[in-house]
Structures are given as structure tokens and as C-alpha cells.
Amino acid sequence: MPTRIGLDIGTNAVRAAKVSTNRDGEATLENIGQVILPPGAVRDGEVVDPQTVAECLTTLWSERGLRSRKVAVGVANQQVVTRLVDLPSVSDEELAEAVPLQASEHVPIPLDSATLDWSVLERFADGEGNEFVRVALVAAHRDMVERLLEALRLAKLDPITLDLDAFALLRALAADHLPETEGAEVLVDVGTSITDIIAHEHGAPRFVRELTMGSGRITDGLITQLAMRVDEAERTKALTGCSGGPPPEGVSPEAARIVADRARDLVEEVRGSLDYYRAQDHSVPVRRALLTGGGAQLAGLSEMLSEALEVPVEPARPLSNLKVGRTGLTDDELEEAEPFLSVAIGLALAPTS
Ligand SMILES: Nc1ncnc2c1ncn2[C@@H]1O[C@H](COP(=O)(O)OP(=O)(O)OP(=O)(O)O)[C@@H](O)[C@H]1O
Ligand SMILES: [Mg+2]
């Protein structure tokens, strides 16, 4: 049975998910684990200190008894930009010439210091019979990719694919999309410093954005405005949530206000992105959103997002879309870990190229 290890290098932690797929295409989660990174080793989703990241990866491999060195690794940070672009339909060869020429119009990072990758998502016709091709364009700063690869090299890991976290989310979660549901579903992963958004219709991506803002901004607010220590700020944030109402015991109204205000800023950013999508001619009405990532754990965030987007928001359940094998984790541990696992699982589900 082919198995794959998906590796999510986040700002807070490195996470690996090992998934096997049988002949019928059924996926089983075989192993899962994470190691928390020391602060600063990965900043804003970018590997800053390859040596430290490599040490954490080595720890992760030995703690979880992972043997294969081959990994499908994900990226999401401000040095990588994804755009879905619709172009008039031409042959693959003509497309290969056209895409790099068009890319600078769509990608807001200088292409001479970036690597450009693209893939055809679908070919379609508009109401008037004009044929189009939808292309996913990905531009990534070379230096950022180099530091990521350096961390993998030092940990003796071999990247077989380099994928976007947003597309991993889609693979991990799109199966949840009820077949009878018309319209688009939005997947939102709120991390420490990155919020990934991807809208899809029955698994076909319609819109993708990586916001350079995550739940860490809420923690930072408590640290900078109230001079809290990091652990105190994390605790206060988790305890307070953003549901409104009187602050819990031991939390000042000031702290509760900061958490709520910054959560609101984040929600407004997500709404702004989706408004941009919704304003496009070819956009599909959004029917619901699924929320994942550590930041999704903030009490009240789901309701706040639901109000802003005017659609129901539900917790994403990556573990419900595949069989869970003998991971060595208890059901309670798995349930607690679930919000953190969408990206790693989705990376492990990447098709073999
Ligand atoms: N119980 C909780 N309540 C509120 N927030 C939480 C809770 N648990 C974790 N978080 C927040 O989730 C964030 C971490 O999420 P996650 O682990 O998904 O990020 P990451 O993948 O490491 O970062 P990124 O994707 O941005 O690179 C932190 O800001 C943390 O404070
Ligand atoms: Mg993340």
C-alpha cells in the first residue's frame, strides 16, 4: 500500500501525518505527530533558522518512529503567492509560453527573485461558448524556498512535492462538501501568523488567498499593549475568547477588549478577501465555511466569522474523511489534535507526480 508523509512546517510547530492508500483509493491515517518549535525558528510561516527546524524534525521522526525520509511538504507565508487565473483556452504548449508572460500582472512579487509554478485546474466555457482555462499560478521567493529545503536537507528528509497549504486544506476537507449542496464552500485555516482561505465547489478551487495575519496577532496585542508574558498572553486569549460578555475571572476588561478587537480585525480581513471573490463576475455563492487551525479554537471566533460572512461556519473535521489506523493516540488526544492536522493530512494526500 503506498504511503505518504505530509509535513506541515508551521510557525508554532512541525507536524507530520502518514497516510496510506489502498487499491480502492481509501486513505488511512497511520501516524501523526508534532513537535513545538522554539520561538523564532519559523517566523510568519517562513523558516528562519534551518538548523533548529531540522533538529525538531529529527525529534519528530524519532518520537513518532517514522522511517520514510520522503515528505510532501507545504508552504504558506508572505513569500509565496497563489492566484487562480482564467485565460483563453489554448494548447498546453501555447500555455507554457503564455503563463510566464502573464504572471507578473497577477503576482505581486518580483519574478526575477521568485520561482514560478503553475498547473491547469480545469478547462471550461462561458455562457457564450468562449473556452477558458483556469490556471493556478504560484510564485515563491527563492530565498524562502532555499531555507525550507536547507532545513529538510539537514534533517535528511527528501521533499517529493512542495505544495501550498491551501491546496492541502482542500484535499483534507473538500470531501466534507455535501454533494447536494449548490454553491461554494470556504475553508479557512487560522494559524499563528497565516490564515489560508480557499473557496471550492465540490473540490474544484474557485478562489485562494493567504492572509499574513493569524491568531498570533491577538496574542501580540496582549503582549505589546498590556506587557504580558507570552505564556500569560496565550492563556488569557484562550480563556477569554471573543464571544463578548463579561470577562472571565482574573481577566481584565482591557484584555478582553484587545482579544475581541483583534479577533474582529482578523475576521474582517477574511471577509474582505471573500468580498473580493464575491464581487467577481464568475463567483459562485458561498454556502458555508469550515474553520480549522489552532486559531479556530478561540471561543466565539466561529460565530463572529459566521456573522461577518453571513453563512454557517462549522469546525472542519479532517479525521472524518479518512480511516484512522493505529496512530498510537487515544481518541481524546486525536480529538484535541484534530484542528491542527488539516494541512499535514492534506499534504499526505497529494497525488504522486
Ligand atoms: N485553545 C486555544 N484557544 C485559542 N487559541 C488557540 C488555542 N490553541 C491554539 N491557539 C492558537 O492557535 C495558533 C496556532 O495555530 P497553528 O498551530 O494552527 O499555527 P501554525 O500552523 O503553527 O502557524 P502558521 O500556520 O501561521 O504558520 C496560536 O496563535 C495559538 O495561540
Ligand atoms: Mg499552519
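**View 1. Cys 242 is a buried cysteine.** Its relative accessible area is 7%, where buried means under 20%, exposed over 50% and partly exposed in between, with a 1.4 Å probe and protein chains only. Cys 56 counts as buried too, at 9% relative accessibility. The structure holds 0 disulfides, a disulfide being a pair of cysteine sulfur atoms within 2.5 Å. This is a predicted model: local features need pLDDT of at least 70, side-chain atom pairs count only at pLDDT 80 or more, and totals for chains, interfaces and linings use all residues. Side-chain values use heavy atoms, with hydrogens and water left out, and residues are numbered from 1 along each chain as its sequence is written.

**View 2. The largest nonpolar core has 61 residues.** Such a core is a set of buried Ala, Val, Leu, Ile, Met, Phe, Trp, Tyr and Cys residues joined through side-chain atoms within 4.5 Å. Leu 7, Ile 9, Val 14, Val 53, Leu 57, Trp 61 and Ile 345 have the most contacts inside it. Helix α4 (residues 165–173) gives the largest share, 7 residues. Helices are DSSP runs of H or I, at least four residues, numbered from the N terminus. Another core, of 37 residues, lies apart; Val 190, Val 270, Tyr 277 and Leu 309 are among them.

**View 3. Val 14 and some of its neighbours.** Beyond four places in sequence, Val 14 touches residues including Asp 8, Gly 33, Gln 34, Val 53, Cys 56 and Leu 60. Contact means heavy atoms within 4.5 Å.

**View 4. Helix α5 spans residues 216–226.** Gly 216, Ile 218, Thr 219, Gly 221 and Leu 222 are buried there. Their cover includes α6 (230–240) and α7 (253–278). Ala 227 follows α5, with a positive phi near 55°.

Definitions and conventions
Chains are lettered from A and ligands numbered from 1 in the order in which they are written. Helices (H or I, at least four residues) and strands (E, at least two) are DSSP runs, numbered from the N terminus.
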